[in-house]
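Hi,

Here is the structure you asked for. Please open it alongside this note.

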Amino acid sequence: MWQAEIRVDLGAIRHNVTRLRSGTSAEVMAVVKADGYGHGMVPVARAALEAGATWLGAATVEEALALRAAGIEAPVLAWLIAPGTPLGDAVRAGVTLSVGSQEALAEALAAARTVGRPVRVHLKVDTGLNRGGAKPADWTALVEAAARAQEDGRLEVDGVWSHLACADLVDHPSIDAQLAEYHDALAVAARAGITPRYRHLANSAATLTRPDCHFDLVRAGIAVYGLSPVPGETFGLRPAMTVRARVIVAKRVPGGEGVSYGHTYTTKAQTTLAVVPLGYGDGVPRHASNSGPVLLGGRRRTVAGRVCMDQIVLDCGDDPVRAGDVAVLFGPGDQGEPTADDWADAVGTINYEIVTRMGGVRIPRVYDGEGAE
């Protein structure tokens, strides 16, 4: 008998990738960083590839190598690489590395020299997000150095890319400004002799709303998991994650009783309290104290009192709730259960954070739709 679980619908993952592919002529990269946004990196990667994704996106070299260790041979881009990170295994495994500075280029070339094979890279230009990538003032020197290394056979520039800051705000003027900067960066690269196979700028939001940003490859992250990057729009996506647990204690208590740490909630009358074995140790935001929505017994409840490390409490009034009943924190919403967006609204965050933080070592993931559709 399970106590708590995260159910991941791989059929929904495949549906979402198919939906994304239908809206673009570009190839689709499924971003599976952070353990697949909490859904499980390897199962999600396989489902996305089955549905026609041709690339996988990983933040770190370690994530990329974990995909290789699982037997996944599709192209993988890793882009969050600290100075001094050992890169030899990544080069051997054919992982594509993001390079956004002269220093990063030098480390990639050093790894290629050690391994004895060229390193494949995607050069990153900073068009306005002001995180990774070369600023326009440094871009010319970077692409010229990369072009020289490519001519020498030490590296292959397979891509040029950048990342949008405000694509979820569909009419934000920064999108057009960044797109223009990206076109300029491509022109500079072309003058240096670099004509990459893959040009990519679009994240999930731009994939769904800005076809002029698609180029050769789009990087879909949150949309792969069925969650919309644009508030108020669903785009036909299907959420893949459901989080649920069984009530472990249901007890009658009188009115005027404090509930959970600090007694920040007090029962208004005699009531049934239900204890659900999920807490911030499992990814439930502590900010959901007295605000997180949960479906139990056919009705939505609100977390009563503080979220604890291992459990939450629900005030169920006179409803016939018993130990063993299933409480659903969030899911697709098809059965009236809250969604990840509902939880995000309740705690003042985004749906990305809600799903990505779920899991840990105590809650097993259970996969539905293991076979290809």
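Below is what was found, with cut-offs given as the terms come up.

This is a predicted model, so local features need pLDDT of at least 70, side-chain atom pairs count only at pLDDT 80 or more, and totals for chains, interfaces and linings use all residues. Residues are numbered from 1 along each chain as its sequence is written, and side-chain values use heavy atoms, with hydrogens and water left out.

Start with helix H4, residues 61–69. Helices (H or I, at least four residues) and strands (E, at least two) are DSSP runs, numbered from the N terminus. The buried residues of H4 are Val 61, Glu 63, Ala 64, Leu 67 and Arg 68. Buried means under 20% relative accessible area, exposed over 50%, partly exposed in between (1.4 Å probe, protein chains only). These residues sit on the same side of H4 because they cover an arc of only 165° around the axis, taken from the directions from the helix axis to the C-beta atoms. Glu 62 and Ala 69, on the other side, are exposed. Just after H4, Gly 71 has a positive phi of about 90°.

Next, the cores. A nonpolar core is a set of buried Ala, Val, Leu, Ile, Met, Phe, Trp, Tyr and Cys residues joined through side-chain atoms within 4.5 Å. The largest has 123 residues; Leu 123, Trp 139 and Phe 330 touch the most other members. A second, separate core has seven residues, including Val 259 and Tyr 265.

Best wishes
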